[in-house]
Each structure stands twice: as C-alpha cells, then as structure tokens.
Amino acid sequence: MKFSHEAEEILETLWVSQEEKGNPETHCRLFNEEGRAEALKELKLAGYISQNKEKIILLEKGKEDARSAVRHHRLAECFMMNVLKLDKETGNMSACEFEHLLTPQLEERICGMLGHPKTCPHGNPIPQGKCCLKTGLQKEIVLKRLSEMKAGQKGRVAYMKTADKRKLQKLMIMGVMPGMKISVIVNAPSCVFQIGNTQVAVDAEMAKSVFVMTEKKR
Amino acid sequence: MTEKNKIIIVGSPNVGKSLIFNHLTGSYSAVSNYPGTSVEVFRGIMKYEGSEFEVADTPGMYSLMPVTEEELVARNILFEEKAVAVIQVVDAKNLERMLVFTLQLIEAGLPMVLAVNMIDEAEKLGITINAEKLQTNLGIPVILTVATDGKNLEALKSAAVLRADFKQTPLDFSYSQAIEEKTRKVSDLLGREYELSKKTVSLLLMVEDAEIIKVVCADEKNNCEAIKKETTALTDKYRAPMNYLITAERQSKASAIYEDGVTVTKAGRLAFNEVLSRFTMNPWTGVPIFILCIFLLYEFVGVLGAQVLVKYFEEVIFGKYINPPVETFVKHFITWPVLQDLFVNKYGIITLGVRYAVALILPIVTTFFIAFSIIEDTGYLPRLAMLIDRVFKKFGLNGRAVIPIVLGFGCNTMATIVTRTLETKRERVIASFLLALAIPCSAQLGIIFALLSGVKALAIWLIVMISVFVVVGWLTAQLLPGEKPIFYMEVPPLRLPKLKNVFVKTYTRVEWYFKEVFPLFIAASVIIWVGNLTGIFAVLVKMLEYPMQWIGLPKEAAVAFLFGFFRRDYGAAGLYDLKLHGLISGVPLVVAAVTIAIFVPCIAQFAVTIKERGIKAALLMAAFIFPFAFFMGWLVNTVLTLLKVTI
C-alpha cells in the first residue's frame, strides 16, 4: 500500500524507536509538527498504528511496510553519499527525496549496485531485502549524468533532477522514468538516446538532469 | 441540419493519426515522418452505412498536460467537444510508454478506442501484441492496425461507430491513498461538469496546469480559493513534483498491463536504416551528408526546375505555342490597343501574369515540394535538427526550428504557419522574423539562381545572405528577452518514402500554393494595367527610381521592385526579365538579388504573420525589413565598388 511521504516518515521513526531501540511505544510529541495529524489518521485507518493521548504503538500489520521504509531511506543515503559522493547534509536531504521514489525494481537494482550493503553511512543497519539473500555476480555500478555518457553506453535511469517542471514533463512524456533501460546513441553535438524503442534527441542542458546507473564488471 | 456525431482522433506526434484520418474520411491532411506536421485541427466527414460522422484529427499530444501550443489546441478539443468515440492512435513499438496516456484518457471518462498502429514494424522488432488481453485489462476496444497498408482500418471504423455498444467497463485505476483522497476533495468542490471527468480535472489542478486553473477559476468563482488551498496543501506535502509522482504511478500500472499483453523476443542485429541513421547523426559523417543533400537539392530544384524546366516552359510552351496564337487572337478581336494591353503585350494577364505563374514559378515550386516531401518522409529532418541545435541556440531558437526554416525555402507563408510547433512565444517571433527577412522561398531562389549564373556572383550573394541571417539572428536573440529554449525531439526511424504519399503531398501543397499565387499574379497584371492607364504607376515607379539609383541599380529595376510588393517572387521574376533584355548585369545584379531577397515578404506571408504573431509584431518586422533591404543593397554595392570587384 502506498502512503503519503509524511506517513512513510512516521513509520520510519516508529520502526527505529520500537524495533531498533526497543522502546515499547513512542511518545506523541515526536509527531506534533503541523500537518502530521492527517498522516497519522492515514496510518490509523490502515490499521498500522494505535494511538492514545500520549503514546503511539506500531502494530504488527504495519511492521513490514515500516521496515521497508527504513530500508529505502538508508539505501538512499548510501546511494547519495557513496555513489554520488554528496556531503552528509546534501546527501541527507536528497536521500529524503529519493527514498519515496524507489519502486521495488529500482530498489533491488540500487541495492545490487551498492553491493547489498549492511549499514548506512551513519552506521545504522539496513534491513535486508529479498535481493540481498540471493547471491550473484557483483557488479560495480557507477552513476553518471546522461550528458557524461559515451556513445554506445547503456544503463538504467536512476532519477531526474531538475527544478524546471516543464523540463521534467518533457522527459517524462518521452518515456524517461526511473528504472527504464536507456542507451546513448550519439552524444555530440546533441545527445541522442534510446529508451524502449524510441530515440530522442535532447540538448546538453536536458541531458545533464538525467542520472543513469551504468554497470562496470569487476 | 442537425449536428453530426463526432469522432476525435488523438495521440502522440508521428504515430499515424493523419493516415488514419485520411482513410476514415477519404480526404487529405499532410502526412510525414517528423513529429508535429499537423498544426491545425483537420475535420472531415466519414460515412458509415448511410450515416455521417464528423471526424476531427488533432495535433499530436503526449499527455493531457500540454507543453506546446498545438498540444493545448488538441486538449481543448477534448475538453470542450462531445464525441461518440475518441480514437487514440499509439505506436506499437512504444506501447509501454504510450499506455500511460491511454490510462489518463480512460480516467477522463472518454469513450475510448485504442488503435495500436505500426504492428508490422513492431513485429520486425520481435514484439507480439495480444489485443484481447489488452482489451480485457483496459476495458476498451483495442484494434491492431497498419495504417500505411490500410490493415484493419475498417475494423477500427466500426469499433468507433459502435463504441456505445461496447459493454465492458473501462479500467478504474486508483492512485495511492493520499492522492486519491485529495482528488475526491477537489472533485467535490467542482460545480460544473466538463467533457473530461472531474477526477481528471482535479488531477490536472493538482499538477498545477495553468490553463486548467484559469478555466476552472473562471467557472468556480466561489470555490477557486478553496480549490487552490486543497491542491497546494498536497503539493507542499510531497518533496518531489506532484506531476512526477502521479505519472510514476500511472507508469507502473501501464507497465503491468504492457507486460501482461505483450511478448518480446530478442531483436535481431542492427537494421540497415539504423546504421545509416547513426551516420547522419555523427557530426563527422553527418555534416558531409547534409552538404550532399543540399547539393542534390540544388541540382534538382536549382538546375532541373529553375533552369531546364523553366526554359522549356518559357521558350517552347509559351514562346511558341501560347503567346503567338493568343496575341493574334486578341489583336484580331480587340482592336482597341488599351484593352489589348490588358491581355497581351508587355504586362498583359496572359503574357505576364499567367506566364510568370505557370512558366516561372510552377516548375520551381513543384520540384522543391517533391524534394521536400521526400526529405520529410525519410525522417531526416529531426536528425538535421539535432546536428544544428547548438547553432540555432545562438539565435534564440532550438533545433526544432529547422523544420519551419527548411520549409521556408519552399514557401515562407506555409513555414510561418508551421512556426506554431515551436514552444515559446519568443521562438515563434524570432522564427517568423527570420523567415520574413533572410529566407528566400523556392520561387525566389530559383529565379535568383538563374539570375546569378556565375559562381562568383552566387558565392557573394550566399555569403551576404548567410551573414544577414547570422548577424540579425544573433542580435534579435540578444534584444528579445525571454527564457532559454530547450531542445527535445523524438527521432523517428529512417524510412523509405512511399511514392504515393510523396505524390499526394506534393500535389496538395502545389495546389495550395497555386491557389494562393495565381489570383495574385492575375490581380497584379490588372493593377499594373490600371496603374499604367491612370498614370499612378508611372508616379510610383518614378518615386522608386531614386532608391534604385542610390543602390546602384538601373531605374528600370523600379518596376520589378514595385511588383515585389505583390509577391517577392514576382519581383524576382521581374528582374529576370530585365536580365533577359540585357538591362542589368554584373554587380548591380548581385545587389538587386540581395535587396529583393531581403525585401518585404510577399503579401500572403505578411497576412499570415499578422494572423499568427499579431499586427504589432508584423508591422515592426516590416518597418525593419524595408529600410534594411535597401541598406544592405547599398552596402553590398559600395563594398563591391570600393573593392573594384567585377562580375
């Protein structure tokens, strides 16, 4: 089930508090911020939490999703800091954005690309996913901007980062979405890439805002 | 007459909508192999077992949230017009991506029929589509078609007509809880019903579609603020743009439906057209290929059209078979010389108007349109666009503008209409201006090539024109404020043009052009006759003789320039006559060719510029172009004289 980002973050906090720190319950004041009431209602409706005046308890039904929310968050942190080499502060901020965009498919790929990490950059454990249990060929994965890729290089779209909504809309209507296979056909004087069976030409400015995961065999 | 039932065709650019429209209605709208040919809504009548339907072919759109002006046109039709069926045409090769739009259309509550087109091309790539599964999953009729061969188009016709009898319930797709809930809240605030469902309207409001916000706020004066509050509350809650999140959810649903209904076997090795395609896009091979194309174009239009055919028409058809008998005939029946002049002699309707239009202009324009149709249908233009994008950026345009600019070498009027495919107002203004200023049309070009027969003269003329384009283009971009253009364009596969399509397209374009030109040429003959008769013409010519002499031209050229007010090509054709009579040659000929090429756009182009860009912009352009043409003439003359260049 999909929740609002607020709700997902509440789940994370609850899970960390109860499962990792072993608190039996969590104090309500942690969630006093404005706008959180609606998210809490969402979770209550789904039967994920119970709440009285002071305390909130994460119920059995919500644990699975809460665990995966934490996993997403910490994977995103690893990704931002280890792969993108962002500093802690920007890394944290980008991770908070990115974690909500992870689809199961993308999550698996990122986890694989990071080598199924056990801990996040802050040293907290990352709950294991199904993919971590399977052993397979480990590949080093490098994240590149589309504009930096060479002709013939392949990969999968990680995400798009642009402040310009119209640019984002254009990329999306051409089929550029996280997780999609992408390959570069030529990269000068403009970038022409293939996604699905469509070839698209974009200028360097647009190509810069697409981040692609490329594989490099070890 | 009662209003006919409507069928609307929608879909992304370059998926075959126009071909399907042509088949359904039996009429013709331009079909080509580059995205964005249909800039207008074409409407036609379709007959089905005795009843008639109105079919509308909309410009290409990728989603219900428009990016360009033409997408907005297409969306407004869906927003405002009630249809018995909406046919979405999709490219079978890119079904996964295009299903996202299908989901959006179904959600809008439209009576959808899905035409999965180009299944032949998809099959070659190893893609097999199960129409029944798609139909079950989507809950709408799905027809697999090959529009170029007419395959299954009759089935599509009946599916559209009998849409009301299709009893499956369309897919009801729900988003994650928070989005769903908000959508319901916004829907409840909407009082008025639109042709698109309230859910769709609400979602568009949430992704902050400016146009929809405007429309809704005009209708819902009381609720406008409440609606805005709801939507911003949601937007603030998420860190990623709403549009991205909603699209991502649709995409994962679309992918699931795609995976259920489609099987893909491994594709074979790179096809020949793909190899060639890469050569056209690599700058090292792409630029030579471009130069080769220009050369072939010159050989075909400049040599075959403008020299061989024009000569044949002029000397044999008109010189031997038409003019002498007509002259004898007219002189036999009309004894009054004044009236004789109306039909024959130097400026007569037959000897001047008809001769210019048929013998001079027709062969050149026809050969250009044949060549353009071939280039267009191969899919070469988007490749040229990606090669040239960086250069065009300097002029405040992007690679996409290559289409109107290249078309402008055929007919500037047509090209000015096509500037609609450009994204921002700024780009449209710059493109219209450069078309009016520095792009000579094929009729003009043909005659200019004939005028400047020497390599040296032609080279000087080319250098001057290219410099004008570059310098004025660059300056315009500096002077006109606005955001930087963004270049993005789908690159369709290279295809071998279909002879029939090239023929039909050329025919339609020439017909359009001729209808435009012919009456003007006849009118010009009549006006000149009246002008001569009343003496007004003599006064005007006298007045124009001064600027002629300033830029070093013989005063006889004034007549040609006066013609130029009617159409630029008419003016050029007048120069051509002067050259034949030996009145002008050498440097003045180059000067004249430069001046007339920059000079006013023809009347038709001017009218279209007013219509598309507004009277203010059009007048400003004209106010610059008139004096600038003479200035450039003067400059070229002065420089060439100073440098003692002889031609």
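Select B:Phe433, B:Phe624, B:Phe628, B:Phe631 and B:Trp634: these residues form one aromatic cluster. Rings of Phe, Tyr and Trp (its six-membered ring) pair if their centres lie within 6.5 Å; planes under 30 degrees apart count as stacked, over 60 as edge-to-face and the rest as tilted. By this rule there are 20 aromatic pairs over all chains.

This is a predicted model, in which local features need pLDDT of at least 70 and side-chain atom pairs count only at pLDDT 80 or more, while totals for chains, interfaces and linings use all residues. Residues are numbered from 1 along each chain as its sequence is written, chains are lettered from A and ligands numbered from 1 in the order in which they are written, and side-chain values use heavy atoms, with hydrogens and water left out.

Buried here means under 20% relative accessible area, exposed over 50%, and partly exposed in between (1.4 Å probe, protein chains only). B:Tyr312 is partly exposed at 44%, and B:Phe313 is partly exposed at 22%.

Then select B:Phe368 and B:Phe369. Their ring centres are 5.9 Å apart and their planes meet at 65°, so this pair is edge-to-face. B:Phe368 is buried, with 4% relative accessibility; B:Phe369 is buried, with 0%.

Move to B:Arg400, which lies over the face of B:Tyr488, 4.7 Å from the ring centre. The rule for a charge over a ring is NZ of Lys or CZ of Arg within 6 Å of the ring centre and within 35 degrees of the ring normal.

Zoom out to the domains of chain B, whose bounds come from an automatic or database domain assignment: domain 1 (5–165), domain 2 (179–237) and domain 3 (283–642). The C-alpha centres of domains 2 and 3 of chain B are 50 Å apart.

In chain A, the domains are domain 1 (5–65), domain 2 (68–138) and domain 3 (141–217). Between the C-alpha centres of domain 1 and domain 3 of chain A there are 38 Å.

Finish on strand β7 (residues 191–195) of chain A, where 4 of the 5 residues are buried. Strands (E, at least two residues) are DSSP runs, numbered from the N terminus, and two strands pair if DSSP finds at least two bridges between them. Strand β6 (residues 181–186) of chain A pairs antiparallel with β7(A) over 4 bridges, and a hairpin of 4 residues joins them. On the other pairing, 5 bridges join β7(A) to antiparallel β8(A) (residues 198–202). A:Phe193 stands opposite A:Val184 and opposite A:Val200 in β8(A). In the β7(A)–β8(A) hairpin, with 2 residues between the strands, A:Gly196 has a positive phi of about 60°.
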